[in-house]
Amino acid sequence: MPLSTSRRIALLTSASLALLAGCGSSSDSSGAKGTPARVAVVASTNVWGDIAQRIGGDRVDVTSVISDPDQDPHSYEADPQNQLALSKAKVVVENGGGYDDFVDHMLKGGHNDSAEVINVVEVSGKTAPKGGELNEHVWYDFPTVAKVADRISAALAKADPSGATAFTKNAAAFKAKLAPLEAREARIKKAHGGAGIAITEPVPLYMTEASGLVNRTPAQFSEAIEEGDDVSPRVLQESLALFSDKKVRALVYNEQTSGPQTEKAEAAAKAAGIPVVPVTETLPKGKDYLGWMTSNLDALASALAK
């Protein structure tokens, strides 16, 4: 019989506390010749981990809990090593919005009340639309990412005051590199504003909306896929007709949660000559955040130009 979420967390916490009992406190001491120890940062995914690393530089040690591009973050189950890292973290970056609730559970289990916790959805100020659900994939929203960069800088400065100037400088440099991405969105909007697209999940919507594109996918389709539920035959047929009837210019496809019904959508798009733009929820191997988002926008613009 499968264990409940609360039971799994309890078992993981017990295992992690045993690990903690056997570990020294050297990570909290000063470095060689009196230099401050690096700030321990834990991010729920490598998206936020990469951004924290860019801002912290060589003054931080970053652990990203979810880093496998082939893994569905929604179904991730944290392990004792994650608990151990979170118990020692000075700064924690969680996505929030129900995306990575395991972080809060494990922080409580590890009795780490002193960590500075950055909840990205809270920082974004975004809320669910009336009668709808919050799109928690806020790393596709560049204004939100800029706000988070400032919050990470402030949190690191609190943990390591001697590095405050460096953190502020790094955050400013990172935000400056977000500006070309927003400009690219504006150019796509100017060239293709109002064009219809289809999606398999809400993952890319902040980017596509900022680019002036209209999501024509039935909400019941993308919501069912995101929740891991079956799509009704009627809704599936409506969704597939978007391609055969040429009502959309591209399918933006989440590669990390593919299944029989999303594969049918992909096959229908290709059969109709509709370009497929793959996206992911975590960083692909060999990419940093800025390079990843640049590639996403390049692929989107290329698809729309066909």
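## Overall picture

Residues 24 or more positions apart account for 68% of the contacts in the protein with a separation of 6 or more, a contact being heavy atoms within 4.5 Å. This is a predicted model, in which local features need pLDDT of at least 70 and side-chain atom pairs count only at pLDDT 80 or more, while totals for chains, interfaces and linings use all residues. Residues are numbered from 1 along each chain as its sequence is written, and side-chain values use heavy atoms, with hydrogens and water left out.

The protein has 12 helices and eight strands; these are DSSP runs numbered from the N terminus, with helices (H or I) of at least four residues and strands (E) of at least two. Of its 306 residues, 48% are buried. Here buried means under 20% relative accessible area, exposed over 50%, and partly exposed in between, with a 1.4 Å probe and protein chains only. The protein exposes about 14300 Å², and 51% of that comes from carbon and sulfur atoms; the areas are from the Shrake-Rupley method with a 1.4 Å probe, and for residues only the protein chains shown count as cover.

## Aromatic pairs

A pair of aromatic rings is described by the distance of the centres and the angle of the planes. Rings of Phe, Tyr and Trp (its six-membered ring) pair if their centres lie within 6.5 Å; planes under 30 degrees apart count as stacked, over 60 as edge-to-face and the rest as tilted. By this rule there are five aromatic pairs. In one of them, the ring centres of Tyr140 and Trp292 are 5.7 Å apart and the planes stand at 65 degrees, so the pair is edge-to-face. Tyr140 sits in the loop between helix H5 (120-124) and helix H6 (142-159), and Trp292 in helix H12 (residues 289-304), so this pair ties together parts that are 152 residues apart in sequence. Both Tyr140 and Trp292 are buried.

What kind of pair do Phe174 and Tyr289 make? Their ring centres are 6.2 Å apart and their planes at 50 degrees, so the pair is tilted. This pair also links distant parts of the chain, with Phe174 in helix H7 (residues 164-192) and Tyr289 in helix H12, 115 residues apart. Phe174 is buried at a relative accessible area of 3%, and Tyr289 is buried at 0%. Both pairs belong to one aromatic cluster, formed by Tyr99, Trp139, Tyr140, Phe174, Tyr289 and Trp292.

## Salt bridges

A salt bridge here is a side-chain nitrogen of Lys or Arg within 4 Å of a carboxyl oxygen of Asp or Glu, and the count comes to 10. Arg38 forms one with Asp61, where the closest N and O atoms are 3.5 Å apart. Since Arg38 lies in the loop between helix H1 (5-21) and strand S1 (39-45), and Asp61 in strand S2 (residues 60-66), the bridge ties together parts that are 23 residues apart in sequence. Arg38 is partly exposed, with a relative accessible area of 47%, and Asp61 is partly exposed with 41%.

Asp288 and Arg54 form another salt bridge, with the closest N and O atoms 2.5 Å apart. It links distant parts of the chain: Asp288 is in the loop between strand S8 (276-279) and H12, Arg54 is in helix H2 (residues 46-56), and the two are 234 residues apart. Asp288 is partly exposed at 26% relative accessible area, and Arg54 is partly exposed at 29%. Asp50 joins Arg54 and Asp288 in a network of salt bridges. Lys158 and Glu116 also meet in a salt bridge (3.2 Å, N to O). Lys158 is in helix H6 and Glu116 in strand S4 (residues 116-119), so the pair ties together parts that are 42 residues apart in sequence. Lys158 counts as exposed at 63% relative accessibility, whereas Glu116 is partly exposed at 22%.

## The largest pocket

About 450 Å³ of space lies in the largest pocket. Its lining has 22 residues, and Glu133, Leu134, Asn135, Pro202 and Leu205 are the closest to its centre. A pocket is an open set of points on a 1 Å grid over the protein atoms alone, where a 1.4 Å probe fits, with protein on both sides within 12 Å along at least five of seven lines; lining residues have an atom within 4 Å of a point. Grid points are joined across faces, edges and corners, and the volume is the space filled by probe spheres set on the points.

Helix H8 (205-210) and helix H9 (219-227) each supply at least two residues of the lining. The largest share, five residues, comes from H9.
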